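Hi there,

Here is the structure I promised to pass on.

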Amino acid sequence: MEYFLQLVLNGLFVGAFYGLVALGYSMVYGIIKLLNFAHGDIYMLGAFAGYTMLTIGAGALGGGSLVALVVILIIAMILTGTLGLVLERVAYRPLRSAPRLSVLITAVGASFALEYGIAVLYGPNPRVYPVGFGNAAIEIFGARLTWAQLFMMLVAVLLMVALDTWVGRTRSGRAMRAISQDPKACLLMGINVDNVISRTFFIGSALAGAGGVMAGAYYGKIDFLMGFIIGLKAFTAAVIGGIGNIRGAVLGAVVLGLLESFGTAWLGSEWRDVFAFGFLILFLTVRPTGLLGERVTERV
Amino acid sequence: MTAWPSGGEISMMRTTRVGAVAAAAGAVLALTSCGGGGITGDSGSGGGDTGDIVLGMVTPLSGSSAAIGPYMKNGAQLAVNEANEAGGVIGRQVKLVAEDGACDPKTAAAAAAKLVTAGTNVSVGGYCSSATLPTLSIFGKANIPMIIPAANSNDLLKDQHKNVFLLNGTGAQQAQAALDFMKKSGAKAIALVDDNTSYSKDITTRTAEDAKGDSALKVVSRESVTAGESDYSAAVTAILRANPDFVYWTGYYQEGGLLIKQLRAAGYKGDVMVADGSVDKQLITIAGKDNAQGVFATMTQTPQTIPGGDAWIAKYKKAFNADPGPYSTQSYDAVRVAVEAIKNAGSTDGTKVITALQAIDGFPIFSGKLKFTPEHTLSEGGFDILVVKGDGFVLNK
């Protein structure tokens with residue numbers, strides 16, 4: 001029973017990180033049908049932005065207090081959001097009417113440019129966050145969760161709820177949903193499509209950046225390739241949930257986290273990625289629309 | 001003490017997605033270049049039969065591992081000087097010729113060909129395993145014995161070149177050293193964790209095999225994690241469920257640091273030990289200083305950790321006005337072993353020297369008494385147990 005609960009908690013915790021990154025994937029795909037493969041690297045940039053601020057401002061911010069960390073989280077989100085915006089403007093917007101494949105290739109190019117750009121700036125060796133959380137933990141029916149993990153999960157849930165409210169309740173959220181259905185009609189209806197797409201990139205990238213800072217603070221080690229695997233996992237989560245669907249991305253992330261957790265417990269930890277990406281293939285072949293995805297009607 | 005990755009790991013450690021492709025391409029190029037007749041000249045006894053005895057050394061003097069080259073070269077030179085002061089060997093003086101291998105297969109292959117042309121009698125170099133690999137057949141074709149001081153990948157032994165002898169401990173020996181220490185520290189239930197790379201998995205597999213027939217301890221859990229990821233909760237939960245009192249990690253320091261951190265966060269209180277790829281100060285930084293205290297490590301010997309190494313260090317300092325580093329002692333020993341074998345063979349003929357090397361029994365070197373196994377590896381010694389104390393690794397006493 002404790003073991004079962006521990007596996008659930010592990011899965012939820014990992015799923016929270018996948019979710020933050022998967023949201024950006026899904027939003028961008030939903031609105032311009034682009035698989036932004038540089039998205040995982042935005043997560044990495046968030047981690048490095050947080051690292052830089054913590055190292056430079058460690059004294060001024062009073063070491064690694066929670067308040068300082070939250071402030072840094074917000075600044076890093078603004079930074080990565082802006083970067084996502086720039087990336088869209090520079091690499092994707094000029095290609096919006098180009099064939100889908102060209103944009104995909106640009107995205108891969110952008111991914112490498114970001115990775116090795118950071119490698120040039122910070123060197124290829126890993127950096128370590130100058131904060132550390134203690135090992136203090138709470139026991140829930142024998143399963144163990146550290147306070148840091150609990151805090152990270154709360155932040156992730158908070159961000160997800162905020163996003164859901166924004167998309168569902170506000171004017172610009174409504175514009176975003178409209179564009180995902182029919183960008184041309186939106187243009188004719190007087191919606192500034194470019195603006196909304198930029199905003200989508202900003203928000204998606206900010207969420208990934210937040211995930212990066214949290215991963216840096218929790219795991220401690222960051223390096224320039226850290227976004228690669230999590231980017232692929234987030235993509236898998238988005239596909240499982242139904243790519244383009246925002247709640248689906250979160251659901252997919254949680255499902256993937258739990259699948260990995262139970263799958264590795266069952267098969268052994270070396271099977272973790274085989275299991276995760278095996279599910280990607282399974283979903284793409286059996287249910288390409290994912291758990292919550294809508295049936296795509298054939299467009300003429 | 002700082003950490004130095006042993007020769008076998010350095011190439012793997014720096015490998016990234018792109019690097020792997022480049023390295024593979026490099027290896028292929030190097031292989032084709034030697035297959036295409038890169039070496040001309042006779043394939044007889046290598047060097048001349050009169051004049052100075054030439055000891056050739058391929059070692060990185062440039063590139064990513066450039067720091068290691070001088071340590072090896074000086075260590076070897078020290079032994080050469082001593083041999084010459086004692087009147088040389090079989091009436092001839094000994095000369096060391098070092099060539100830059102740059103830890104790169106292509107450069108190393110070219111350097112080896114150059115050394116063959118220069119009339120090398122015995123090769124005493126080899127640091128990066130990947131760069132040493134293409135030199136095996138080049139020296140082999142010229143029938144030149146190789147005493148390799150640093151490179152220790154099992155790949156070097158795969159083709160069973162009869163001219164290749166390893167002076168550094170191999171994965172099998174590291175596994176044995178680890179197991180001995182586990183038994184000594186009273187471990188009952190051990191968990192083995194690797195990162196799925198051949199170097200790392202080799203050690204866990206051998207440790208598990210060695211432990212099989214042992215009644216004192218049992219391998220209760222074997223896990224593999226993916227390098228490059230951050231979350232190892234799956235492995236950690238599985239390890240904790242098996243309830244071990246000793247965890248042995250055989251991968252590199254980045255994942256090792258994370259694993260130690262997450263094991264401690266999950267409430268693991270038992271011992272942790274890491275293999276030589278993880279002996280780096282960064283391991284302590286990543287794991288967190290508190291979490292890393294008391295973590296053990298199996299590590300190849302450095303002059304600073306060898307008992308009685310102080311006098312040798314003083315001698316080295318006097319000769320080169322610099323501190324010795326990793327593989328200084330092994331290079332020193334490689335030359336001494338070469339000289340001993342030539343003396344016993346009474347000739348520099350490759351075949352006779354190889355026979356003499358195989359026959360060496362009990363020759364004292366830093367890691368113990370030298371006797372080569374039928375596979376041409378050390379039959380004893382080679383690994384120390386270190387422990388994390390404060391900010392660094394110190395010899396466990």
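In chain B, 57% of the 397 residues count as buried. Keep in mind as you read that this is a predicted model. Chain B holds 15 helices and 14 strands. If you take the contacts in chain B between residues with a separation of 6 or more, 71% of them are between residues 24 or more positions apart.

Now for chain A. It has 11 helices and four strands. With a radius of gyration of 19 Å, close to the 19 Å that the globule rule gives for 300 residues, chain A is as compact as a globular protein of that length. Its C-alpha trace spans about 55 × 45 × 35 Å along the principal axes. Of the 300 residues in chain A, 52% are buried. Among contacts in chain A with a separation of 6 or more, residues 24 or more positions apart account for 77%.

On to where the chains meet. Chain A puts 29 residues into the contact and chain B puts in 28. On the chain B side, the elements that give two or more residues are β7 (218-224), α9 (233-242), α10 (253-265) and α11 (281-287). Sorted by class, that side of chain B has 14 polar, eight nonpolar and six charged residues.

You'll meet β7 of chain B again in the sheet. Seven strands of chain B make an open sheet with mixed pairing, in the order β7-β6-β8-β9-β10-β13-β14. β7 and β14 (392-395) of chain B are the edge strands, each pairing on one side only. On average, neighbouring strands of this sheet are turned by 30 degrees against each other, direction ignored.

- β6 (residues 189-194) of chain B runs parallel to β7(B), and six bridges join the two. Ala189(B) is the residue that stands opposite Lys218(B) in β7(B).
- β10 (residues 296-300) of chain B runs antiparallel to β13(B), with five bridges between them. Here Phe296(B) has Val387(B) in β13(B) as its bridge partner.
- β13(B) and β14(B) are antiparallel too, paired over four bridges. Lys389(B) stands opposite Gly392(B) in β14(B). These two strands form a hairpin with two residues between them, and Gly390(B) in the turn has a positive phi of about 65 degrees.

There is also a hairpin that joins β11(B) to β12(B) through two residues. Strand β11 (residues 361-365) of chain B and β12(B) run antiparallel and are joined by four bridges. In this pair, Ile365(B) stands opposite Gly368(B) in β12(B).

What about the nonpolar cores? The largest has 151 residues, and Leu20(A), Val21(A) and Ala22(A) are those with the most contacts inside it. Helix α1 (residues 2-32) of chain A gives the largest share of this core, 17 residues.

Finally, two residues with backbone angles to look at. Lys33(A) has a phi near 55 degrees, which is a positive value in a residue other than glycine. You'll find Lys33(A) in the loop between α1 and α2 (39-57) of chain A. His376(B) also has a positive phi, near 70 degrees, and is likewise a residue other than glycine. His376(B) sits in the loop between β12 (368-371) and β13 (383-389) of chain B.

Which of the two is buried, and which is partly exposed? Lys33(A) has 13 other C-beta atoms within 10 Å, so Lys33(A) is partly exposed. His376(B) counts as buried because it has 23 C-beta neighbours inside 10 Å.

Cheers

Note on methods: Residues are numbered from 1 along each chain as its sequence is written. Chains are lettered from A and ligands numbered from 1 in the order in which they are written. This is a predicted model: local features need pLDDT of at least 70, side-chain atom pairs count only at pLDDT 80 or more; totals for chains, interfaces and linings use all residues. Two residues are in contact if their C-beta atoms, placed from the backbone, lie within 7 Å. Ala, Val, Leu, Ile, Met, Phe, Trp, Tyr, Cys and Pro count as nonpolar, Asp, Glu, Lys and Arg as charged, and the others, Gly among them, as polar. Two strands pair if DSSP finds at least two bridges between them. Axes are lines fitted to C-alpha atoms, for helices over the stretch in contact, and angles run from 0 to 180 degrees between N-to-C directions. A nonpolar core is a set of buried Ala, Val, Leu, Ile, Met, Phe, Trp, Tyr and Cys residues joined through C-beta atoms within 7 Å. A residue is buried if 20 or more other C-beta atoms lie within 10 Å of its own, exposed if 12 or fewer, and partly exposed in between; C-beta atoms are placed from the backbone. The radius of gyration is taken over C-alpha atoms; the globule rule is 2.2 Å times the number of residues to the power 0.38.
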